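User: I would like to learn how to read side-chain features in a protein model. Can we go through some together?
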Amino acid sequence: MLKINDKNNMLKLRMGANLSSEITTSQKKNLIINVSPEIEKKKAFIFVQNFEKGTIHINCFPGSRVLLGDCRQINLKIQATFQGSKVKIGARTSINEAKFWVQKGMITVGEDCMFSEEIHCYSDDEHSIMDLTGVVLNEKKNSINIEKYV
């Protein structure tokens with residue numbers, strides 16, 4: 001099943017050669033994409049090479065990027081909530097159940113990785129932390145980099 005909610009035409013979606021036909025006929029594959037209706041000049045870019053089975057649920061803002069290689073079983077929720085947020089998952093990766101939340105940074109997963117259940121990866125703190133004078137202490141971009149074969 002392919003389900004896209006993009007009211008302001010802010011999504012640029014690319015899929016691998018076989019995935020586009022398989023996703024409409026297979027009951028094992030679900031790709032659900034919601035693009036925030038924020039007014040931005042940059043489009044969200046999503047590239048999904050392929051995956052054997054599972055559900056990928058992507059909520060993204062314009063200007064965010066999600067790149068998935070030729071994956072195995074994958075059950076993943078991605079929140080890319082700011083322009084410039086990036087998620088990249090390497091080929092042959094399996095994810096039983098995970099949630100990736102990227103606010104200002106990037107989450108990268110190498111090739112041939114295996115994730116079990118209830119995995120949560122947050123690239124940054126969702127809320128600003130300020131000192132007594134009002135200066136934001138946690139504004140820098142943060143990244144998570146998981147090497148291959150993990």
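User: Is Phe115 buried or exposed?

Analyst: This is a predicted model, so every value is computed from predicted atoms. Buried means under 20% relative accessible area. Phe115 has 12%, so this residue is buried.

User: How many aromatic pairs does the structure hold?

Analyst: The structure holds two. Let us take one that includes Phe115.

User: How is a pair of aromatic rings described?

Analyst: You give the distance of the centres and the angle of the planes. Now the case here. The ring centres of Phe100 and Phe115 are 6.1 Å apart. Their planes stand at 65°. Planes over 60 degrees apart count as edge-to-face. So the pair of Phe100 and Phe115 is edge-to-face.

User: Which parts does this pair tie together?

Analyst: Look up the element of each residue. Phe100 lies in strand β7, residues 94-102. Phe115 lies in strand β9, residues 114-115. The pair therefore ties together parts that are 15 residues apart in sequence.

User: What is the relative accessible area of Phe100?

Analyst: The value is 0%, so Phe100 is buried.

User: Rings can also meet charges. Where does the charged end of Lys29 sit?

Analyst: Over the ring of Phe51, 5.8 Å from the ring centre. Lys29 itself is in strand β3, residues 29-35.

User: Is Lys29 buried or exposed?

Analyst: Use the cut-off again: buried means under 20%. Lys29 has 5% relative accessibility, so Lys29 counts as buried.

User: What does the side chain of Lys29 reach at 2.8 Å?

Analyst: The backbone oxygen of Phe51. The Lys29 side chain also makes a polar contact with the side chain of Asn50, at 3.0 Å.

User: Where is Asn50 found?

Analyst: In strand β4, residues 44-60. Asn50 has a relative accessible area of 15%, so Asn50 is buried.

User: Which residues are in contact with Asn50, leaving aside neighbours within four places in sequence?

Analyst: They are Leu19, Glu22, Lys29, Gly69, Asp70 and Cys71. Now set the neighbours within four places aside for Lys29 too. Its contacts include Met1, Leu19, Glu22, Asn50 and Phe51. Leu19 and Glu22 are in contact with Lys29, and Leu19 and Glu22 are in contact with Asn50 too.

User: What separates the C-alpha atoms of Lys29 and Glu52?

Analyst: They are separated by 7.2 Å. Along the chain, Lys29 and Glu52 are 23 residues apart. Glu52 is also one of the contacts of Lys29.

Terms used
Residues numbered from 1 in each chain as written. Predicted model: local features only at pLDDT ≥ 70, side-chain atom pairs only at ≥ 80, totals over all residues. Heavy atoms only, no water. Phe/Tyr/Trp six-rings, centres within 6.5 Å; stacked < 30°, edge-to-face > 60°. Helix = DSSP H or I, 4+ residues; strand = E, 2+ residues; numbered from the N terminus. Buried < 20%, exposed > 50% of the residue type's maximum accessible area, 1.4 Å probe, protein only. Lys NZ or Arg CZ within 6 Å of the ring centre and 35° of its normal. Contact = heavy atoms within 4.5 Å. Polar contact = N/O pair within 3.5 Å; in protein donor to acceptor, adjacent residues only side chain to side chain.
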